[in-house]
Amino acid sequence: MQDIQGDDKTLEVLLSGSAFGIDYYQREYRWKRKQLQELVDDLYGQFSQTYAPGTALEKQSKYFLGSIVISKAGDVRNIVDGQQRITTLTLLLVYLNHLQADHTKKVNKIEQLVFDEDPGGPKFKLDIPERNDCMSALLNGEIYNPEGKSDSVRNLVDRYDDLDDVFPKSVPADELNMFIWWLIRNVKLIEITANDDGDAYTIFETMNDRGLSLTPTDMLKGFLLANIQDPDKRLEADKLIKSYLTKFSEYGEKTEADFFKTWLRSQYANSQRKKDKGAKNEDFELIGTEYHRWVRDPKRGLKLKTSEDYYQFVIKNMRIFADLYLRLLKASATRKKGLESVKYNADAGFTLQHHIILSAVDADDDKATAKAKMGVVADFIDSWLNVRFWNYKSNSYSQMQYAAFTVIRSVRGKTLAEVRQVLHKRLTEEMDEIDFQSPVRMNQFTSKAIHRQLARFTDWLEQQSGEPGKYEDYIVRSGKNAYEVEHILANKFEMFTKEFEDAAAFEEWRNYIGGLLLLPKKVNASLGDFSYKKKLPKYGQGNALTKSLHPDFYKNEPGFLKAIKSHELNFEPHKTFGWQDIEQRSELYSGLASLIWSPDRLLEKV
C-alpha cells in the first residue's frame, strides 16, 4: 500500500482544490428528504448555538462532518466515499447563493466553490458529466425537467426543491451572511487521499465493514442487557432486540435508529431546547443525537432502577412500540384501513408524524384502542398540515418541531376520548385563525403539494360515490403511469386577451387551484394547447374531478349526485371556461378542503 494522507479541511479549502469526480464504488446520489433535513437542522442548529450579531467568526462553534475518501488520479479527485455529503453540500451552496442574491452584503466566493475556472476550462467542482446540465440549470435559477434522467439527477432536483421547505424561513440578511461564512470556514471534513484505486477501495471497505465502530443502537442494547441480571431473561431480551433489528433492516439501514429516536421522544422526552440563542439541547434534541447516552443518564426520564425494570422495558415496552412502529411503516407505504392519513402525511414528507402518533399510545392500551388513537392523531396531522399549506405556512421540520412537541405533551397519557377532545379543540382553535377560504395557487414551490391536493379531492369524490378511490395511482409523479397537473386554460395568452388584462393576470389566474385537474401523463401530453372546447370530451372520460366539468356526468352518476347533495357541494358542469369559472371552481375546492379536513373528523362516529 502506498502512502495515504489525511488532512482536515474546511469546506472552503476542500472545494477550492481541483475538481471532484465519482469513482465506480458509488454511482448514484440517493439521499432523501429526511437525510437532507437532518443535515440542514444539524448545521443550522450548531451555528445558532454560538451566533450573535457582532460575534467574530473565529469565536463561533466548529462542526466536524466526518471523513471522505479520495482516490487521486492526476488533477481529478475521485470520491470513493462521501459523495452523498459533498453533493448535498453543493446543492446547499447553490441554494444559499440564490437566497443572498438580493442582499447588499454577499459572500461572493460561494459560486466559485460550485463552479470555477480550471486549466481545461470552467467546470463544476463536483464534475459528473451526466449531472452537469441539471446543476447548471439550478445554479442559474432555471427550471429543470428531470423526466427520463438518471436516479441521481431526479434526486438532485427533488432535494433542491426540498431545501425551500427544510431551510429556516425569514433569516435576516446579516445572519444569513454569517451562516454562509460559518459553513465554508467553520465546517470541517477529513480528506483521506490514496494515490491508488486499490488502496482507496481497501480504506472504504475497512471503514464501512470490518472497521465499523459500535452504533448507538449497539451501545444501547449492551447497556440494557448488562442491567438484566438473570441469564435466561437476558438471553430472551437479546433475542427479542435482534429479531426487531432484523425486521427494521428490511426498511433501510437507519430505520433501527429512527425507531429508537421516535419511541423515546414520543414516550419519555419531557423538555425541548428553547428558541433563545445559545440555548442548550434538552431531551428532544439529545435523544435525536445520542439516544444511547440519554437512556443512561440518571437525570433523565426513564427511571429504570432494578433488573426487572430493564427486562420489562425491553420485553413489554419495546416490543409494543416496535410492533406499532412497523405498522406505521407499512401504513406509510400503502393505505391501511383506519390509518389512511399515515400514508397522506408520509407523502407530504412530514417526518415528525410517527413521534406525534406514538405519543398518544400507552403501553397498557389494548390493540383496538392503540390503533384508534393512532388513526385519530394521524387524521389530526393530516388536517393540520393541509390547512397550513392553504395559508402558505411551512410544514418543514424546523418550523414544526416546537409545535409538534407541544402536541406530543398534550396527548401523552390521555384516554382515547381525551385524545379526540384535545386534538379537536386544538385544530378548531387553529382554524379560527387560518382556514381554507382563500384558494391556493400553483408555483414551483407548491406544485408537489397541489398535486397531492388534487389526488385527495379526486379520491374522496370517488369514494363518496361508492367507487374505490385511486389515490395511490393519482399520487405517482414519474414514470409511464404518472399523473400530471393539468391547467384547464391552455398556456397561450393570445387565446384569452378578452378575458385577462395582461399576461401576468392570465398566468396568475390559470394557476389558481380551481383551474387545475389531474390527468394521466399521456393524456395530458396529447391535449397540448387545445382549447377548452376540444379538451372537454377527454375530461368527460377521465376521473371524477375531470368528469365533473362535463354535462353528461350529471346524468349517469347517481352516487356522485347523492354525495354532492348530502355535503352541499356546488358542483356543476362548465360548457365554457374562463376566470369566473376558475373562481367558482376555486370556491368549490375550498369547500371540499373544508369538508375533508374538518376538525369534526376527529370526533367519534355515532
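1. K303 sits in the loop between α11 and α12, and its phi is near 60 degrees, a positive value in a residue other than glycine. Helices here are DSSP runs of H or I of at least four residues, numbered from the N terminus.

2. Before going on, please note that this is a predicted model, in which local features need pLDDT of at least 70 and side-chain atom pairs count only at pLDDT 80 or more, while totals for chains, interfaces and linings use all residues. Residues are numbered from 1 along each chain as its sequence is written, and side-chain values use heavy atoms, with hydrogens and water left out.

3. Y392 is worth a look too: this residue is not a glycine, yet has a positive phi of about 55 degrees. You will find Y392 in the loop between α15 (367-390) and α16 (397-411). Its relative accessibility is 47%, so Y392 counts as partly exposed.

4. Now turn to helix α8 (residues 216-226), whose buried residues are T217, L220, K221, F223, L224 and L225. Among the elements that cover these buried residues are α9 (231-249), α10 (255-268), α11 (283-296) and α12 (307-333).

5. The largest nonpolar core has 122 residues, and L264, W390, L454, F457 and F571 have the most contacts inside it. Such a core is a set of buried Ala, Val, Leu, Ile, Met, Phe, Trp, Tyr and Cys residues joined through side-chain atoms within 4.5 Å. Helix α12 gives the largest share of this core, 14 residues. Apart from this core lies another, of 58 residues, including L89, L92, L96 and I180.

6. Setting aside neighbours within four places in sequence, L454 is in contact (heavy atoms within 4.5 Å) with V485, I513, L516, L517, L518, L545 and Y589.

7. Finally, the second largest pocket has a volume of about 880 Å³. A pocket is an open set of points on a 1 Å grid over the protein atoms alone, where a 1.4 Å probe fits, with protein on both sides within 12 Å along at least five of seven lines; lining residues have an atom within 4 Å of a point. Of its 27 lining residues, E340, S341, D379, R601 and K605 are the closest to the centre. Helices α13 (340-347), α15, α18 (447-464) and α26 (579-596) each give two or more residues to this lining.

Definitions and conventions:
Buried < 20%, exposed > 50% of the residue type's maximum accessible area, 1.4 Å probe, protein only. Points joined across faces, edges and corners; volume = space filled by probe spheres on them.
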